[in-house]
Amino acid sequence: MAGSTTVLTNKTELNYTSEAVKGDGYYGFADGLHTMSFHVVNFTGRIHLEATIVEQPTATDWFPIDLDTITSYLQFTNETTTKGTSFEGNFVYLRVKIDRTHLGAATYDAATHGVLDKVVILI
């Protein structure tokens, strides 16, 4: 049975990582299909998606899931949009990372960096 979960919403930080959410490998689904949507408002930064097949992961157990054909992340420059993607894999957990280190800013400013409204996963 498919269900959706909000993985992450905005934080007043430049860089942050979501809590781990259960992938379909956790539930034992055979198809491995995941669909995610990324909702941003005037957002500037990069969004990364990581997965693990370990039930109790450590920092080194996570690996990137490609979100773009050129880079492993989605990059936005002052954009308001919703982007969706589907990918396959029997992952135990997934997490989303917001990265703005490439911008050189010292602190988060909503007027400059925008808002990650939400990231939603459908399994």
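Two residues are in contact here when heavy atoms of theirs lie within 4.5 Å. Ser18 sits in the loop between β2 (16-17) and β3 (21-22). Helices (H or I, at least four residues) and strands (E, at least two) are DSSP runs, numbered from the N terminus. With a relative accessibility of 7%, Ser18 is buried. Buried stands for under 20% relative accessible area, exposed for over 50%, and partly exposed for what lies in between (1.4 Å probe, protein chains only).

Before going on, a word about the model. It is a predicted one, in which local features need pLDDT of at least 70 and side-chain atom pairs count only at pLDDT 80 or more, while totals for chains, interfaces and linings use all residues. Residues are numbered from 1 along each chain as its sequence is written, and side-chain values use heavy atoms, with hydrogens and water left out.

## The chain as a whole

So what is the chain built from? Two helices and eight strands. Read from the N terminus, the elements come in the order β-β-β-α-β-β-β-β-α-β.

A compact globule of 123 residues would have a radius of gyration near 14 Å, and the chain agrees with its 14 Å. That radius is taken over C-alpha atoms, and the globule rule is 2.2 Å times the number of residues to the power 0.38. Along the principal axes, the C-alpha atoms fill a box of roughly 45 × 30 × 25 Å.

Of the 123 residues, 41% count as buried. Among the contacts with a separation of 6 or more, 81% are between residues 24 or more positions apart. The accessible surface is about 6,700 Å², and carbon and sulfur atoms hold 49% of that surface. Accessible areas come from the Shrake-Rupley method with a 1.4 Å probe, and for residues only the protein chains shown count as cover.

As for charge, there are 8 positive and 14 negative side chains, and the centres of the two sets are 5 Å apart. Lys and Arg count as positive, Asp and Glu as negative, and His and the chain ends are not counted. Each charge is placed at NZ of Lys, CZ of Arg, CG of Asp or CD of Glu.

## Rings

How many aromatic pairs does a search of the whole structure find? The search turns up three. Rings of Phe, Tyr and Trp (its six-membered ring) pair if their centres lie within 6.5 Å; planes under 30 degrees apart count as stacked, over 60 as edge-to-face and the rest as tilted. Ring pairs also join Phe63, Phe87 and Phe91 into a cluster.

## Places along the chain

Here are some residues with their relative accessible areas.

| Residue | Relative accessible area | Class |
|---|---|---|
| Phe87 | 9% | buried |
| Phe91 | 8% | buried |
| Val92 | 10% | buried |
| Leu103 | 35% | partly exposed |
| His113 | 4% | buried |
| Asn42 | 39% | partly exposed |
| Val119 | 0% | buried |

Val119 belongs to strand β8 (residues 115-122). Not counting residues up to four places away in sequence, Val119 has several contacts, including Thr5, Val7, Met36, Phe38 and Val96. The C-alpha atoms of Val119 and Pro64, 55 residues apart along the chain, are separated by 16 Å.

Val92 is in the loop between β6 and β7. Between the C-alpha atoms of Val92 and Val21, 71 residues apart along the chain, there are 8.4 Å.

Leu103 lies in the loop between β7 (93-99) and α2 (110-113). Which residues does Leu103 touch, not counting those up to four places away in sequence? They are Thr44 and His113. The C-alpha atoms of Leu103 and Arg46, 57 residues apart along the chain, are 10.0 Å from each other.

His113, in turn, is part of helix α2. Beyond residues up to four places away in sequence, His113 touches Leu103 and others, among them Leu14, Asn42, Phe43 and Tyr108.

Asn42 is in strand β4 (residues 33-52). Its phi is near 50 degrees, a positive value in a residue other than glycine. Asn78, in strand β6 (residues 73-88), is not a glycine and has a positive phi of about 50 degrees.
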